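Student: I am new to this structure and would be grateful for a close look at a single part of it. Please take the pocket and the elements around it.

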Amino acid sequence: MSSMPPPYDAAEPAAECQVAQAPEVPTAVVVQRDFPMHELPSLMDGTFSHLARALEGVGLSPIGPAFALHHRAPVSTADLEVGFPIDAPLTEPLTLPSGFEVTASVLPAGRVAWTSHLGGYGGLAEKWGAFTEDIGESEEQMTYPFWEFYVTPPSPEVNPATLRTDLFSLLEPREA
């Protein structure tokens, strides 16, 4: 796996909210609109379990961990993209064995705020709330999209307390 560019390449988790300039990164994703939140596990399993092999079949490779990018705040449904950052743009759609269609997208370039969550996925909503508050207190303004990288790949053998998820939000541009 090639490495991600900064700020996505942090070896250590961020204990506090960080602000950095992020470059655009090509991605291969499954896009869903109004997707039921209670079905997210099936979307993620049906994507992440097949996508790396499908990319390999067209000469592409993931360069970082799986992620979910949200275009609006999820409530009972979400508008999101799930996939991997990749080493070059995807030039044609792929269909996974799960039936999901994979298309090209990008992580956007711009100023981002980010932090890390250590622990099970059940604590992510609380961490997002604290992160949002930290961003506001730093006099920054969040904008869409926002995304999370699953730095520690989940598996039945992994202790949920050791999972690392990095949270990112695009920020409003600052006047020069």
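**The pocket and its surroundings**

Tutor: The largest pocket is lined by 31 residues, and those nearest its centre are Met44, Ala68, Leu124, Glu148 and Tyr150. A pocket is here an open set of points on a 1 Å grid over the protein atoms alone, where a 1.4 Å probe fits, with protein on both sides within 12 Å along at least five of seven lines; lining residues have an atom within 4 Å of a point. This is a predicted model, in which local features need pLDDT of at least 70 and side-chain atom pairs count only at pLDDT 80 or more, while totals for chains, interfaces and linings use all residues. Residues are numbered from 1 along each chain as its sequence is written, and side-chain values use heavy atoms, with hydrogens and water left out.

The volume of the largest pocket is about 860 Å³, taken as the space filled by probe spheres set on the points, which are joined across faces, edges and corners. Its lining divides into 24 nonpolar, five polar and two charged residues; Ala, Val, Leu, Ile, Met, Phe, Trp, Tyr, Cys and Pro count as nonpolar, Asp, Glu, Lys and Arg as charged, and the others, Gly among them, as polar. At least two lining residues come from each of α1, β3, β4, α2 (124-137) and β8. Helices (H or I, at least four residues) and strands (E, at least two) are DSSP runs, numbered from the N terminus.

Consider next β3 (residues 67-70). Phe67 and Leu69 point one way from this strand, Ala68 and His70 point the other way, and all are buried, that is, under 20% relative accessible area with a 1.4 Å probe and protein chains only, where exposed is over 50% and partly exposed lies in between. β3 runs antiparallel to β4, with four bridges joining them; strands pair if DSSP finds at least two bridges between them. A hairpin of six residues connects β3 to β4, and His70 stands opposite Leu80 in β4. Four bridges also join β3 to β8 (residues 142-150), and these two run antiparallel. Here Phe67 stands opposite Phe149.

Leu80 leads on to the largest nonpolar core, which has 23 residues; Leu43, Leu55, Leu80, Leu90 and Val102 have the most contacts inside it. Such a core is a set of buried Ala, Val, Leu, Ile, Met, Phe, Trp, Tyr and Cys residues joined through side-chain atoms within 4.5 Å. β2 (25-36), α1 (40-57) and β4 (77-85) each supply at least two of its residues, and α1 gives the most, with six.
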